[in-house]
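Thanks for coming. Please bring the model up on your screens, and I will talk through it.

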Amino acid sequence: MVLTAKHRSAARLAHVDGAAVRLGLQPGLGLADARARVPGLDVRAADPEADAAFLDRLCDWAQRYTPLAGRRIGTSSVDLEFPYPEDFTLVLDIAGCAHLFGGEEALAADMARRLERQGLTVSIGIASTIGAAHALAAFGRGGRLQAGEERRALAGLPMAALRLDATTVDALARVGLKRIGDLMDGPRAPLTARFGRTPLIQLDRALGLADEAFSPRLPVAPYCAERRFFEPIAREEDVRAVALSLIGALAERLEAAGEGALRLRLSLWRVDGALAHVEAGLSRPSREATVMQDILCRRLDSLAEDFDAGYGFDCVTVAVTEASRRDAEVLSLAGPDMALELTRFVDRVGARIGRGRVRRLKFYASHIPERASGAVPAHVAGEGAFPATEVLPGDPPERPIRLFAQPELVEAMASVPDGPPLRFRWRRVTHEVKRAEGPERIAGEWWRQEAPTRDYFRVEDAEGRRFWMFREGLFQVETTHPRWFVHGLFA
């Protein structure tokens, strides 16, 4: 089987399987030549986006070994002019984690066994530098290098093992530099002048003489607890019990650090390699185990239809992906804290239907009614209360009960240009005005284009319906034909 991709209107091989390699096929070969060499070739189109998505999932799966897991490093050794799919390389920083699996070699063996069980062919290299580990896995026979053995192990490997592009590799080969060992002891100044700094920088990185940055795919959680099982668990009740136990351990660590959790993530590793994440957020920092477990389990309930344990989970992890400082609170005997109760209500409902769907009103510094407030997610911190206004008993409300998102244009007639309307037609119905109060003048915002002045009136028609209307534009100052709008309803 081969995967093909278009390059300059011609189909070329992008990836080949082991059987195709044994028959002499390799990436970059034209499809016509490949079919001439191997009749009956199984040809399929490459899908780089699906490849990248699969590698992301595989990178997340590798977090069972270390939280520092990334994908694709450096530059590809293939021809950069050809749109090859992603380089299938995972980078794991296992420093401080290997002893949990019985050592580095035991960790690599466990990873290889699990990946091969999923139908993947894997080559694993372990070294003290990223460059050496990559070269060992991609161009060597894999295995483990002790610190200080990089020069000996890399000397016989091809120059492409330094993650150089094909153009640089060909240029080095033309002057007889085909192996990494040929580059190690050569004069640096002439090599830099002719081939640039990249070959020697990559060499120094592989030998540990220069630092190389490594960015994991997901940020490292500040707090994490996990449990592994010799026999997989499959029941949802068992998952909840394990999650509660792990959350209890996290709560103690948060208490000791004086912090609270803002976002939690439950990760479930299935024995067949599938990985599921369940995330939940809180509106304010919390370190109460019951509160965190309640929010996380409610989120798990909302995903119950998609909960597929398969043959069971052999690893469960609960991580606090976002935390914040939380000072000790003073207990009060006056009664429940209503602000806290409201926050927990928002969290519980948001865990069920999604945090973004629970919204609240927020006040903005604008006199324009439709811009004075807006709906924002309820868990977002910020001032949400409207400014207090003094209303005397019996006074009508200054703002309507129902405010339209956008004012609606009406046909209106007034006795004088600056007076209230006498009659108006709105939504194909004519209304006779019996009472009117106003105007309340709101000037346009000078920093916005086309922001005329508005004169608002509270009007009541013959049937007792009350409207909030405004005239847009000052007569003979801003316009000669002011327009009328209905902006809200009082009753």
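First, the ground rules. This is a predicted model, in which local features need pLDDT of at least 70 and side-chain atom pairs count only at pLDDT 80 or more, while totals for chains, interfaces and linings use all residues. Residues are numbered from 1 along each chain as its sequence is written, and side-chain values use heavy atoms, with hydrogens and water left out.

Now the overall picture. The protein has 13 helices and 19 strands; these are DSSP runs numbered from the N terminus, with helices being H or I of at least four residues and strands E of at least two. Its radius of gyration is 34 Å, whereas the globule rule gives 23 Å for 491 residues, so the protein is more spread out than a compact globule. That radius is taken over C-alpha atoms, and the rule is 2.2 Å times the number of residues to the power 0.38. Along the principal axes, the C-alpha trace spans about 95 × 65 × 50 Å.

Of the 491 residues, 38% are buried. Buried means under 20% relative accessible area, exposed means over 50%, and partly exposed is in between, with a 1.4 Å probe and protein chains only. On contacts, meaning heavy atoms within 4.5 Å: among those between residues at least 6 apart in sequence, 56% join residues at least 24 apart.

Next, helix α3, residues 48–61. How far apart are its end C-alpha atoms? They are 20 Å apart, which agrees with the 20 Å that 14 residues should span at 1.5 Å a residue. The expected span is 1.5 Å times one less than the number of residues. Several residues of α3 are buried, including Asp51, Leu55, Leu58 and Trp61. The cover over the buried residues of α3 includes the strands β4 (69–71), β5 (90–92), β9 (259–270) and β10 (275–286), along with helix α4 (104–117).

Proline 400 sits in the loop between β13 (373–377) and β14 (402–414). Its relative accessibility is 11%, so proline 400 counts as buried. Leaving aside residues up to four places away in sequence, proline 400 touches Trp468, Gly488, Leu489 and Phe490. Alanine 491 is 91 residues from proline 400 in sequence, yet their C-alpha atoms are 8.0 Å apart.

The peptide bond leading from glycine 438 to proline 439 is cis, with omega near 10 degrees.

Now two residues with positive phi. Arginine 163, which is not a glycine, has phi near 60 degrees. This arginine 163 lies in the loop between α6 (150–154) and α7 (166–174). Is arginine 163 buried or exposed? At 2% relative accessibility, arginine 163 counts as buried. Glutamine 476 also has a positive phi, about 60 degrees, although it is not a glycine. Glutamine 476 is in the loop between β18 (466–472) and β19 (483–489), and with a relative accessible area of 62% it is exposed.

Last, glutamate 472, in strand β18. Glutamate 472 is buried, with a relative accessible area of 18%. Not counting residues up to four places away in sequence, glutamate 472 touches Pro452, Thr453, Thr479, Pro482, Arg483 and Phe485.

That is the end of my list.
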